[in-house]
Amino acid sequence: MRVIHARRASQSFFLLLFLALAVLTAFGDRPWQMRGWPVGLFLELDPLAALATALATGVVWGGMIWAVLTVAVTALLGRVFCGWVCPFGTLHQAVGWVGRRLGIGPSVRYSPAQSFKYCVLAFLLATAGMDAVLAASRLAHEHPVPALAVLLALGAVAFAAVRRAGTAGARVAVVAGTLALLVAFGGRVLRQDDALTSSVLVGLLDPIPFLTRATDTVVLPLLDRSAGLLFATPRRTHGGWLIGGLLVATLLANLWRTRFWCRFVCPLGALLGIVAHSAPWRIAKACGCSACNRCDGACEGGAEPSRVIRHAECVMCLSCLDGCDDGVMTWRAAPSDGGERALPDVSRRGVVASLGAGMVAAPLLRLGGAISSDWPAGQVRPPGALPEPEFLDRCIRCGQCMRVCPTGTIQPAGPEAGVEALWTPVLNARIGTSGCQPSCVACGRVCPTGAIARFSIDEKLGRGEFEADGPIRVGTAFVDRGRCLPWAFDLPCIVCQETCPTSPKAIRLSDRTVTDADGAGVVLRRPVVDPALCNGCGICEHECPVSGLRAIRVTAENESRSRDRRLLPGASRPASRSG
Amino acid sequence: MSGFSRRDFLGRAARAGATVAAAGAAGILLHEEATLGAKKPQRQEGRALDYRAKAAGPKLAIATGPQRAASARAAVEALGGMGRFVAKGERVLVKVNAGFARPAWAGATAHPDVVSEVVKLCLAAGAAEVVVTDNPVNDAASCFDVTGIRAAVESSGGRVAIPKTDDFRDHTVPDGLVLRDWPVLLGPLDGMDRVIGLCPAKDHGLSRATLTVKNWYGLLGGRRNTLHQRIHDTIRDLALLVRPTLVILDGTTPMLRNGPTGGSVSDLGTRDTVVAGTDPVAVDAFGATLLGLTGRDLPGLAPAAAAGAGTLDWESLKPVRVKAGS
């Protein structure tokens, strides 16, 4: 068997596994449903998601620890994750392959623009890193002597890097130096503030959440439209056009440039390219090359194996080994005889600009106050969601909660929600088959980063040991008396009260005798919400007969995760339940 | 393998190993599996903010006169003078009502003349520092500027503390009904030896009157506007939140209607009275009479008295009555 057959087999296996796990991410105990399958496997193997959330929270949460395995494999063997495992990479490679077979001939040549992905990475990590830098700075001021020692050591490393590696080292030195300055002075100059903080945006462009989200919210709902195997009621996705459109666009881009995403955009590939810089074994060219350049033409990553090999671009597809007529391409410990370049070829300016932009981006996004005083009331988070700042520090917008939600009421926030909230989960009572079911805990079970904490039914309903805390409230239902049938039109209706699942009901009926057109007295039962009992499940909103703009609507006021949004003065649930 | 490439290989292997080790160590060090309810917040024990002075003397003094500053001075003198409350070198916080960005004539806020007088009295008694603060309803800086309080304080030798985000810390009132783990403006209280409450007497739609106990509402942060659903419980808790050194209620031109914002001179009456005391409940019970009410008419006050914050029966304290010069 040729080595690329093994690679193709691996790619096919992991792509199928990815799809299988997406199918299995369903609420229930049948064999094809969740019941303990590692449905978050690919997300947990994603070191970019782990790193960004760890920078923002100081915690590598739960299964995200598996990302260490990916880092270890990459450090030793290069970007085999990209070439052999990543389902997104596999799809890109497949489209590019089809393009070549069709004679469209996407370009395989290396482009200097491939360094863009390192800028994307620098931007995303800088955006996520503010909290870590400020925390380190505070720590440094508390322990100045060891901090000075560390800073000096960093300086020495940076100096050595410049001496040894020239321009590549200078880039490392710039990053290290900027970090050192920030740690030394950041805590002094910058005040802890709701805008001077991290913002975890990796989920927008990290390929694993990207593909998971597209699969969960667009591909499966579309594929299942006729079959109806996965969803009894056809599933809808708010803003699905954008998620799906981006998936299609990025895949089609492979007809223009081979492995378009992996080469130009992928921040995870960039991270792994850097992690792989010292891989002891790697692709090399031995003496005796006839310069046929077939390897360059087969190279998925644009690593230029026939010349000075760009190891950071090498996705370990091994096509160069397979295609070499001279038999000089090899995988070995010794350096390539044609020369090699371990670190990415990215300009210092690019890195500095990206880091700078990233550090400015989070404060800029927060300046609008969308997570403080000007928060969007319609953004109702799933039960178990951490308080909004901590939630945004963790959510990678993977869509697993949306996939698993049995009623499809968890939806991706659309572009109207802004960059920070884009594709994060919100409850939409109109779109699903019902609101949030009282006895369901599924979203908390699948969240890979703990943005939605695991919660029990007792916790959700405020029973047992959680009685003092009360139920988890995601918001409050408000009756729109100008639209509600008995309030606005003197028409009888009690649907919201009837379907309210809490006991005692959070919607009571206020009886009032009115006179109808014939002059007869009619007793109208009008709904009134008790905000102390309402948990915001949205079942009333879903059932409301005023089908357009519902006459009873849930907004996030009084959600239990947030003190700032409370409606009632009494005891509230803890403001923070984690890290 | 040549010597160079062996050395190169070993170097790379070492760096790769270091990468793996660093990733592994960071992963293990930072790994956390926060489980259900594992980190319940600690409910705070109640803690009183007690600034009462030990020196004995009259508990209530009522001064009358058209000039509020003179009346305030006379009332404090009647209690034994500021020296009874503020010792040399002590630091004093004056919590004024600066709630609204309205000029002093509107009577919606503590009058700068009285604020100035109190600051001077404290400094004359030997206070090391006098800080004036409030967390107003309107924009804080505007309130202190428009009311004239900032200018009055600074020209009298005091300092205004505009609340900052990190000045608010969670605090629980002992046996509090609603003020539990509530963000309270504790920053300006840090290092203070004495706390004086100073406010005008005003009408209020829900609690009937805004007097010295409700003045502590200006120490609250967070979503304090939700407290209006339980305003009487809140007033009871406020009486227990701070045990002040002294409170001064300015009833020279109390706001009789359209409170607590007012906006027209016609909302004010003329009572030419300033009351000072060490018992805020008694001060308020008397203050209610300036608005045509009694202490019993203020639904939050009796619970405050029952909780031990003072007495509604202000007459039992045998108030010292003085006439202030004009």
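A helix here is a DSSP run of at least four residues and a strand is one of at least two, numbered from the N terminus. Keep in mind that everything below comes from a predicted model.

**View 1. Arg259(A) sits in a loop between helices H11 and H12 of chain A.** H11 covers residues 240-252 and H12 covers 260-265. Check the backbone here: phi of Arg259(A) is positive, at about 45°, even though this residue is not a glycine.

**View 2. Helices H3 and H13 of chain A cross at roughly 90°.** H3 spans residues 47-57, H13 spans residues 267-275, and their axes come within 9 Å. With that angle falling in the 65 to 115 degree range, the pair is therefore called roughly perpendicular. So who touches whom? On the H3(A) side you'll find Pro47(A), Leu48(A) and Leu51(A), and they meet Pro267(A), Leu268(A), Leu271(A) and Leu272(A) of H13(A). Sorted by class, this contact has seven nonpolar residues, with no polar and no charged ones.

**View 3. Asp322(A) and Arg2(A) form a salt bridge.** Their side chains meet at 2.7 Å, N to O. The partners are 320 residues apart, so to speak in distant parts of the chain: Asp322(A) belongs to helix H15 (residues 319-323) of chain A, while Arg2(A) is in the segment before helix H1 (3-24) of chain A. Side chains of opposite charge can pair when their charged atoms come close. Over all chains, the structure holds 36 salt bridges.

**View 4. A cis peptide bond joins Ser503(A) to Pro504(A).** Omega is about 0° for this bond. Where does Pro504(A) sit? Look in the loop of chain A between helix H22 (495-499) and strand E9 (507-515).

**View 5. In chain B, the bond from Gly259(B) to Pro260(B) is cis.** Its omega is near 0°. Pro260(B) lies in a loop of chain B, with strand E12 (246-255) on one side and strand E13 (273-277) on the other.

Methods
Residues are numbered from 1 along each chain as its sequence is written. Chains are lettered from A and ligands numbered from 1 in the order in which they are written. This is a predicted model: local features need pLDDT of at least 70, side-chain atom pairs count only at pLDDT 80 or more; totals for chains, interfaces and linings use all residues. Side-chain values use heavy atoms; hydrogens and water are left out. Axes are lines fitted to C-alpha atoms, for helices over the stretch in contact, and angles run from 0 to 180 degrees between N-to-C directions. Angles under 35 degrees count as roughly parallel, over 145 as roughly antiparallel, 65 to 115 as roughly perpendicular and the rest as oblique. Contact means heavy atoms within 4.5 Å. Ala, Val, Leu, Ile, Met, Phe, Trp, Tyr, Cys and Pro count as nonpolar, Asp, Glu, Lys and Arg as charged, and the others, Gly among them, as polar. A salt bridge is a side-chain nitrogen of Lys or Arg within 4 Å of a carboxyl oxygen of Asp or Glu.
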